[in-house]
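Please read these notes with the structure open beside you. They cover helix packing and then aromatic pairs.

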Amino acid sequence: MASKDLGLAIIGSGRIGSLRARLAAGHPAVRFIAVSDRDPAKARELAHKIGAQAHSSDNEEIIARPEVNAVVVSTSEGEHVAPILAAIALGKPVLVEKPIALTLADADRVVQAIERHGSNVRVGYSRRYKERYLIAKEQIVQGRIGSMVGGAARVFNSRSQALAILKRNPHATPVVDALTYYVDLMNWLLEGKRVAEVYARGQTGVLKRAGYDVTDLSYAVFTYDDGSVVNLAISYALPEKYPALGHAARVEVLGTEGVMILDDDHTDQLMYSEKGVPHVYLPDHSVNMVFLQSGTPGDWALGEFWGPIANETRAWLDHLALGKPCALATPQQARATLEATLAIEYSMTTGQPVTLPLTSRNFFAEEQQKRG
């Protein structure tokens, strides 16, 4: 199979941007890498580390370079839209971290630009590339559990990571920034069905005392247009030293002829170290007891990175270089996932069920547009 040479722009030189850049540097189709960050020192450091050919603090300059024919957007959640639109205007494929945007208005701007230009944009919901969920999707595709009738997904994490996310962007709440992975996952597993109603409840406490008016614990019930029902739950306020380095999750999928119970808590892989174990996202945070493999992106082992982000990055690069299909979320799917997470927050705010789609007449949708 003939391979297309790739020149990548990595927009955002933080933890995930740096990780994707390191993974891309080892891909045989990648011949050129340019990195950018609003902090020029971070861009320069990353460029030196991976041997990139160019670096800058100007995103548009890097995206517009003639050597670049594909773009990775790994900025903070609230800064996705501008670099996506810049890449779309130049006809360059994009991989953007989830969520596609923080408001429906911004998501619609992106989707409309994609439709106008016919662009190839994918959104990185990396749970799709965790092996247990890929294998689960295969069972559904093969019809082994019959018709889907519903399921459940629950994710735990520590307040340390929640506060780091909120400090970076107060609008990137645990629901919009983290539960979104499992909203996307359940929508993907129930592909072909549309969320018709959302009913949610939440409880505030730890995070609100820290200055963020968001829930510590959120539960939501989704009803799909065919009557299927899914329960989703998140707590991102567990104690600071809770031994997960990322998501501790459990996913259940029910069909007319079978069921899948996917235990993703990692409680079967326990380690205690008097030297401490570093946190994959938080450089100044470590724990003595840890659930191994609980880091959301994956893990370094013997000089190689293994896990969902590695699988996802390589799949996207293979998609561009070789024309292979990939399971990354489309912008339309990402927009639907964003809408559902915003509906969770709206339902918690009003105490009422929320009917989808959200419209401009909906108070919460209008408030989200103002926040954008």
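1. The model discussed here is a predicted one. In it, helix α5 (residues 104-117) packs with helix α11 (residues 331-350) at an angle of about 170°, and their axes are 10 Å apart. The two helices are therefore roughly antiparallel to each other.

2. On the α5 side, this contact is made by Leu104, Ala107, Asp108, Val111, Ile114 and Glu115. Helix α11 contributes Pro331, Gln332, Arg335, Leu338, Glu339 and Leu342. By type, the contact residues divide into 7 nonpolar, 1 polar and 4 charged.

3. Helix α1 (residues 15-25) and helix α10 (residues 308-322) cross at roughly 55°, with axes that come within 10 Å. Their arrangement is therefore oblique, and the crossing is right-handed. Among the residues making the contact are Leu19 and Leu23 of α1 and Ile309 and Leu317 of α10. The contact divides into 6 nonpolar, 1 polar and 3 charged residues.

4. How many aromatic pairs does the structure hold? There are 3. One of them joins Tyr125 and Tyr181 edge-to-face, at 6.4 Å centre to centre and 90° between the planes. Tyr125 lies in the loop between β6 and α6, and Tyr181 in helix α8, so the pair ties together parts that are 56 residues apart in sequence. Tyr125 is buried at 1% relative accessible area, and Tyr181 is buried at 8%.

5. Trp300 and Phe305 have ring centres 5.1 Å apart and planes at 70°, so this pair is edge-to-face. Trp300 is partly exposed, at 44% relative accessibility, whereas Phe305 is buried, at 2%.

Note on methods:
Residues numbered from 1 in each chain as written. Predicted model: local features only at pLDDT ≥ 70, side-chain atom pairs only at ≥ 80, totals over all residues. Heavy atoms only, no water. Axes fitted to C-alpha atoms, helices over the stretch in contact; angles between N-to-C directions. Helix = DSSP H or I, 4+ residues; strand = E, 2+ residues; numbered from the N terminus. Parallel < 35°, antiparallel > 145°, perpendicular 65-115°, else oblique. Contact = heavy atoms within 4.5 Å. Nonpolar A, V, L, I, M, F, W, Y, C, P; charged D, E, K, R; others polar. Left-handed = near helix turned anticlockwise from the far one by under 90°. Phe/Tyr/Trp six-rings, centres within 6.5 Å; stacked < 30°, edge-to-face > 60°. Buried < 20%, exposed > 50% of the residue type's maximum accessible area, 1.4 Å probe, protein only.
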